[in-house]
Amino acid sequence: EIVYMEYNKIDGYKITPKTKKEDAIEVSKIVFVSPTLTEKLIKKKLELKLRHLLSKLNELDDDDTSGDAIRETLVECERLKLTIINNYLKYLGQEYANLSLKKLQLIINKLRYRLFSLSMLNQELQYNNEQERGRRSR
C-alpha cells in the first residue's frame, strides 16, 4: 500500500539540521510527530541551555568582569525566555515550562543585580576620582 503524506501540513516539532556532510543525503527539515519524544528532546535541550547559563553565571561571579559580558549573558537569557514562551510552551506543558521560566528568572535577576552593583561601583569610583581632582586643584 502506498501512502502519500503532505509534509508541509504535518504538525509537530520542526528542526533543521546544522551539520552537512559530503556524500550523504541532504536533509532540510526534520519533523518530530511523537509528543513524548518531542517533550523529551525539548526538556534535554532546555536543561543543557540552563546548565550553560549557570556555568556562565558562576564564571562571571568568580571573575572581575566588565559589564559587557554580563549584558551578553543577560540578552542570551532573555532570548531563551522568549523562545520558551513562543516556541516550546505548546510541547512542554504548563508545569515544566513554568518551572523552567522560574529557573531562568532567577538567573536573570542575579545578572541584573550583578550589573547594577557593577554600575554603582563604577559611579562610586568616578565620584571619588572627581573628589580627588577637586582637592588637588585648590
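User: Helices (H or I, at least four residues) and strands (E, at least two) are DSSP runs, numbered from the N terminus. In what order do the elements of the chain run?

Analyst: This is a predicted model: local features need pLDDT of at least 70, side-chain atom pairs count only at pLDDT 80 or more, and totals for chains, interfaces and linings use all residues. The chain holds three helices and two strands. From the N terminus on, the order is β-β-α-α-α.

User: What does the C-alpha trace span along its principal axes?

Analyst: Take the principal axes of the chain. Along them, the trace spans about 95 × 40 × 25 Å.

User: Which element has the highest mean pLDDT?

Analyst: pLDDT is the predictor's confidence in each residue, from 0 to 100. The chain mean is 86, and 96% of residues reach 70 or more. Strand 2 (residues 30-32) has the lowest mean among the elements, 85. The highest, 92, belongs to helix 2.

User: How do helix 1 and helix 2 run, roughly parallel or roughly antiparallel?

Analyst: Axes are lines fitted to C-alpha atoms over the stretch in contact, with angles from 0 to 180 degrees between N-to-C directions. The axes of helix 1 (residues 35-62) and helix 2 (residues 67-92) come within 11 Å and cross at roughly 165°. Therefore, with the cut-off at over 145 degrees, the two helices are roughly antiparallel.

User: Which residues does Tyr-91 contact, beyond neighbours within four places in sequence?

Analyst: Tyr-91 sits in helix 2. Its C-alpha atom is 14 Å from that of Ile-15, 76 residues apart along the chain. Contact means heavy atoms within 4.5 Å. The partners are Gly-12, Tyr-13, Thr-38, Glu-39 and Ile-42.

Key
Residues numbered from 1 in each chain as written. Heavy atoms only, no water. Parallel < 35°, antiparallel > 145°, perpendicular 65-115°, else oblique.
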